[in-house]
Amino acid sequence: MKDTKEYAVLNAMEPIVIRLFEDNYLKQRTLVCDCDKCQLDILLLTLNKLPPRYTSSQAGEAYVKALYLNNQLQSDILTVLTQAVKVIEDRPSHP
Ligand SMILES: [Zn+2]
């Protein structure tokens with residue numbers, strides 16, 4: 001497939017969700033279980049529930065910064081993140 005172009009796309013939600021997760025949960029040490037598996041499950045569940053916001057990798061950093069400063073968006077993401085934390089804590093995918 002040598003004719004295939006490489007499209008560098010970035011879902012801006014990824015870095016934003018990760019940042020909010022770190023600031024609001026990991027640094028506060030409020031998780032019932034903070035193993036790698038649970039952390040990843042929470043991030044995946046959150047990202048799957050949020051509409052992606054794609055941008056090009058080139059424009060990515062500025063776009064992510066602008067989105068991150070959007071208070072409404074932050075609070076929407078935190079709502080979904082909080083629900084995801086609860087789901088994974090109730091049913092962790094490990095014993
Ligand atoms: Zn765990």
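**A chat about the zinc site and the chain**

Modeller: Start with the sequence spacing: the donor residues of the zinc ion follow C-x1-C-x2-C-x55-H.

Biologist: Before we go on, where does the model come from, and how are residues numbered?

Modeller: This is a predicted model, in which local features need pLDDT of at least 70, side-chain atom pairs count only at pLDDT 80 or more, and totals for chains, interfaces and linings use all residues. Residues are numbered from 1 along each chain as its sequence is written, and side-chain values use heavy atoms, with hydrogens and water left out.

Biologist: Which atoms coordinate the zinc ion?

Modeller: The SG atoms of Cys33, Cys35 and Cys38, plus NE2 of His94. They sit at 2.1 to 2.3 Å. A donor here is an N, O or S atom within 2.8 Å of the metal (3.2 Å for Na, K and Ca); water is not among the atoms, so sites may look incomplete.

Biologist: What geometry does the site have?

Modeller: Tetrahedral, with angles of 92 to 119° among the 4 donor atoms. Four donors get that label if all angles lie between 85 and 135 degrees. The ideal angle for four tetrahedral donors is 109.5 degrees.

Biologist: Is cysteine 38 buried or exposed?

Modeller: Cysteine 38 is buried, because its relative accessible area is 3%. Buried means under 20% relative accessible area, exposed means over 50%, and partly exposed is in between (1.4 Å probe, protein chains only).

Biologist: And what about cysteine 33?

Modeller: Cysteine 33 has 27% relative accessibility, so it counts as partly exposed.

Biologist: New topic. How many helices and strands are there?

Modeller: The protein chain has 4 helices and 2 strands. Along the sequence the pattern reads β-α-α-β-α-α. Helices (H or I, at least four residues) and strands (E, at least two) are DSSP runs, numbered from the N terminus.

Biologist: What does the C-alpha trace span?

Modeller: About 45 × 35 × 20 Å along its principal axes. The chain has 95 residues, and buried ones make up 29% of them.

Biologist: Let's look inside. Where does phenylalanine 21 lie?

Modeller: In helix α1, residues 13–26. Its relative accessibility is 1%, so phenylalanine 21 counts as buried.

Biologist: What is phenylalanine 21 in contact with?

Modeller: Leaving aside neighbours within four places in sequence, its contacts are Leu26, Leu31, Gln39, Ile42, Leu43, Leu81 and Val85. Contact means heavy atoms within 4.5 Å. Phenylalanine 21 and valine 85 are 64 residues apart in sequence, yet their C-alpha atoms are 9.6 Å apart.

Biologist: What about leucine 20?

Modeller: Leucine 20 lies in helix α1 too. At 2% relative accessibility, leucine 20 counts as buried. Not counting residues up to four places away, leucine 20 touches Tyr25, Tyr68, Gln74, Ile77 and Leu81.

Biologist: How do contacts in the chain split by sequence distance?

Modeller: Take the contacts between residues at least 6 apart in sequence. Of these, 83% join residues at least 24 apart.

Biologist: Now a strand. What surrounds threonine 55?

Modeller: Threonine 55 lies in strand β2, residues 54–56. Beyond its neighbours within four places, threonine 55 is in contact with Ala8, Val9, Leu10, Gly60 and Tyr63. Threonine 55 counts as buried because its relative accessibility is 11%.

Biologist: Last one. Where is proline 92?

Modeller: In the segment after α4, which covers 71–90. Proline 92 is partly exposed, because its relative accessibility is 33%. The C-alpha atoms of proline 92 and isoleucine 42 are separated by 9.7 Å, with the two residues 50 apart along the chain.

Methods: Tetrahedral: all angles 85-135°; square planar, octahedral: opposite > 155°, others 65-115°.
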